[in-house]
Amino acid sequence: MSCFNETTSVKINKQKKDLAKSRGLKLQDLLDHALDEALGISSCDLSQIRIAEIDEEIKLLEDKKEKEIKDCQKKIDILIKGLNEFKEAEEAEFDKKIKSLEFEKEYIKEVLGNK
């Protein structure tokens, strides 16, 4: 018999209760077994099977986590590369404007110096 730590009242069919008692069955054991069955647990197999299921689920989640992190890192790398290219294009555009203004400034100095 399992360890029980809570008491509750349950309404049951009197004929079934009397039949179970006449066969020497304990209602608590029957209820516990029915709950195990309804919950999909077996007291003897629970520890081994459930541990194996949990291990498998953990492994699947760890594999999925690793894949998702790699995918996320790829997206981050793509975004950073795009931002760097944008920055370089902006920098080149400003350098071009600055160079153009410097040439204009030199041209104006030459024209003013030759007069």
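**How many residues does helix 2 have, and how far does helix 2 reach from its first C-alpha to its last?** Helix 2 covers residues 27-39, which gives 13 residues, and reaches 18 Å from its first C-alpha to its last. That is close to the 18 Å expected at 1.5 Å a residue, where the expected span is 1.5 Å times one less than the number of residues. Helices here are DSSP runs of H or I with at least four residues, numbered from the N terminus (strands are runs of E with at least two). Just after helix 2 comes Gly40, with a positive phi of about 75 degrees.

A note for all views: this is a predicted model, in which local features need pLDDT of at least 70 and side-chain atom pairs count only at pLDDT 80 or more, while totals for chains, interfaces and linings use all residues. Residues are numbered from 1 along each chain as its sequence is written, and side-chain values use heavy atoms, leaving out hydrogens and water.

**View 1. A nonpolar patch lies on the surface.** Look for Val10, Ile12, Leu25, Leu27, Leu30, Leu31, Leu35, Leu39 and Ile41, which together have about 750 Å² of accessible area. Accessible areas come from the Shrake-Rupley method with a 1.4 Å probe, and for residues only the protein chains shown count as cover. Patches are made of residues with over 30% relative accessible area and no salt bridge; nonpolar side chains (Val, Leu, Ile, Met, Phe, Trp, Tyr) are joined within 5 Å and like charges within 9 Å. One member, Ile12, sits in the segment before helix 1 (14-22). Ile12 is partly exposed, at 46% relative accessible area; buried means under 20%, exposed over 50%, and partly exposed in between (1.4 Å probe, protein chains only).

**View 2. Lys59 and Asp63 form a salt bridge.** Their side chains meet at 3.1 Å, N to O. A salt bridge is a side-chain nitrogen of Lys or Arg within 4 Å of a carboxyl oxygen of Asp or Glu. Both residues belong to helix 3 (residues 46-113) and lie four residues apart, about one turn of the helix. Lys59 is partly exposed at 44% relative accessibility, and Asp63 is partly exposed at 40%. Side chains of opposite charge can pair when their charged atoms come close.

View 3. Because Lys70 and Glu66 are four residues apart in helix 3, about one helical turn separates them. The spacing of Lys67 and Asp71 is likewise four residues, about one helical turn. Glu66 is partly exposed at 46%, as are Lys67 at 49% and Asp71 at 26%. A search of the whole structure finds four salt bridges.

**View 4. Glu85, Glu88, Glu91 and Asp95 form a negative surface patch.** Asp and Glu count as negative and Lys and Arg as positive, with His and the chain ends not counted. The place of a charge is taken as NZ of Lys, CZ of Arg, CG of Asp or CD of Glu.

**View 5. Lys16 and Lys26 are both exposed.** Lys16, in helix 1, has 61% relative accessibility. Its C-alpha is 94 Å from that of Lys96, 80 residues apart along the chain. Lys26, in the loop between helix 1 and helix 2, has 53% relative accessibility.
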